[in-house]
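Welcome to this short tour of a protein model. Have the sequence and the 3D view ready, and follow along one heading at a time.

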Amino acid sequence: MIDSIRVAQYADFPALRQLFLEARQHLFAHLANPQFLLDDFDRQTTGEHILLACDMDKQLLGFIAVFEPESFIHHLYIAPRAQRRGVGTKLLAALPGWGERNHQLKCLKNNERALVFYQSCQFQIVGEGSGEDGDYWLLQH
């Protein structure tokens, strides 16, 4: 399924924007009047290290964006057709310093599938909070 994991280039941004928009529309469908835009991807990943996974046809399977100075995983999104096939696990493992640094992320409490996934990847709950998208768990690997 995965042919390559590589650093995202600006030419990849149209596909990354589309995946980011569609995934958020699905994930946050419970919010009243969510205002998601294609260029949200650019604003929310500025200054972040972005890796993407592609299949043999060079089609985008998913991406991960991390703010490296804090080892904070800001985004991990997988295309619906590629979910539950190891793409997220491989993107995590491809992060610089994976297994050597304490990576953290926030996982919305109502996103139970994501929480189960992160816990299967050895993340542990180290805190909690609340943001504009809802209550979340702070997880650390």
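## Getting started

A residue is called buried when its relative accessible area is under 20%, exposed when that area is over 50%, and partly exposed in between (1.4 Å probe, protein chains only). Cys121 is buried by this rule, because its relative accessible area is 10%.

This is a predicted model, in which local features need pLDDT of at least 70, side-chain atom pairs count only at pLDDT 80 or more, and totals for chains, interfaces and linings use all residues. Residues are numbered from 1 along each chain as its sequence is written, and side-chain values use heavy atoms, with hydrogens and water left out.

## The sheet

Helices (H or I, at least four residues) and strands (E, at least two) are DSSP runs numbered from the N terminus, and two strands pair if DSSP finds at least two bridges between them. In general, strands of a sheet pair through backbone hydrogen bonds, either parallel or antiparallel. Here, seven strands form an open sheet with mixed pairing, in the order E1-E2-E3-E4-E5-E7-E6. Strand E1 (4-7) and strand E6 (124-131) are the edge strands, each pairing on one side only. On average, neighbouring strands of this sheet are turned by 25° against each other, direction ignored; the axes are lines fitted to C-alpha atoms, for helices over the stretch in contact, and angles run from 0 to 180 degrees between N-to-C directions.

Now find strand E4 (residues 72-78) and strand E5 (residues 104-108), which run parallel and are joined by two bridges. Phe72 stands opposite Gln104 in E5. Helix H4 (residues 112-120) lies across E4, E5, E6 and strand E7 (134-140), and runs at about 150° to E5.

Is Phe123 buried or exposed? Phe123 is buried, as its relative accessible area is 2%. Look for Phe123 in the loop between H4 and E6. Contact means heavy atoms within 4.5 Å. Not counting residues up to four places away in sequence, Phe123 touches Ile73, Leu92, Trp98, His103, Leu105, Tyr118, Leu139, Gln140 and His141.

A nonpolar core is a set of buried Ala, Val, Leu, Ile, Met, Phe, Trp, Tyr and Cys residues joined through side-chain atoms within 4.5 Å. The largest nonpolar core has 21 residues, and Ile64, Ile73, Leu91, Leu92, Tyr118 and Phe123 touch the most other members. At least two residues of this core come from each of E2, E3, E4, H3, E5 and H4. A second, separate core has 20 residues, among them Phe20, Phe28, Leu52 and Phe63.

## Salt bridges

Side chains of opposite charge can pair when their charged atoms come close. A salt bridge is a side-chain nitrogen of Lys or Arg within 4 Å of a carboxyl oxygen of Asp or Glu, and the count by this rule is eight. In one of them Asp42 pairs with Arg17, with the closest N and O atoms 2.6 Å apart. Asp42 is in helix H2 (residues 40-44) and Arg17 in helix H1 (residues 13-27), so this pair links distant parts of the chain, 25 residues apart. Asp42 is partly exposed at 22% relative accessibility, whereas Arg17 is buried at 16%.

Arg43 also forms a salt bridge with Asp40, and here the closest N and O atoms are 2.3 Å apart. These two residues are separated by about one helical turn, because they are three residues apart in helix H2. Another salt bridge joins the side chains of Arg81 and Asp55 (3.5 Å, N to O). Arg81 lies in the loop between E4 and helix H3 (87-93), and Asp55 in the loop between strand E2 (49-54) and strand E3 (60-67), so the pair ties together parts that are 26 residues apart in sequence. Arg81 counts as partly exposed at 42% relative accessibility, while Asp55 is buried at 11%. Salt bridges that share partners also join Arg24, Asp39, Asp40 and Arg43 into one network.

## Cysteines and Thr89

How many disulfides are there? The count is zero, where a disulfide is a pair of cysteine sulfur atoms within 2.5 Å. Cys121 is in no disulfide, and the nearest cysteine sulfur, that of Cys107, is 11 Å away.

Finally, visit Thr89 in helix H3. Thr89 is partly exposed, with a relative accessible area of 41%. Leaving aside neighbours within four places in sequence, Thr89 is in contact with Phe117 and Cys121.
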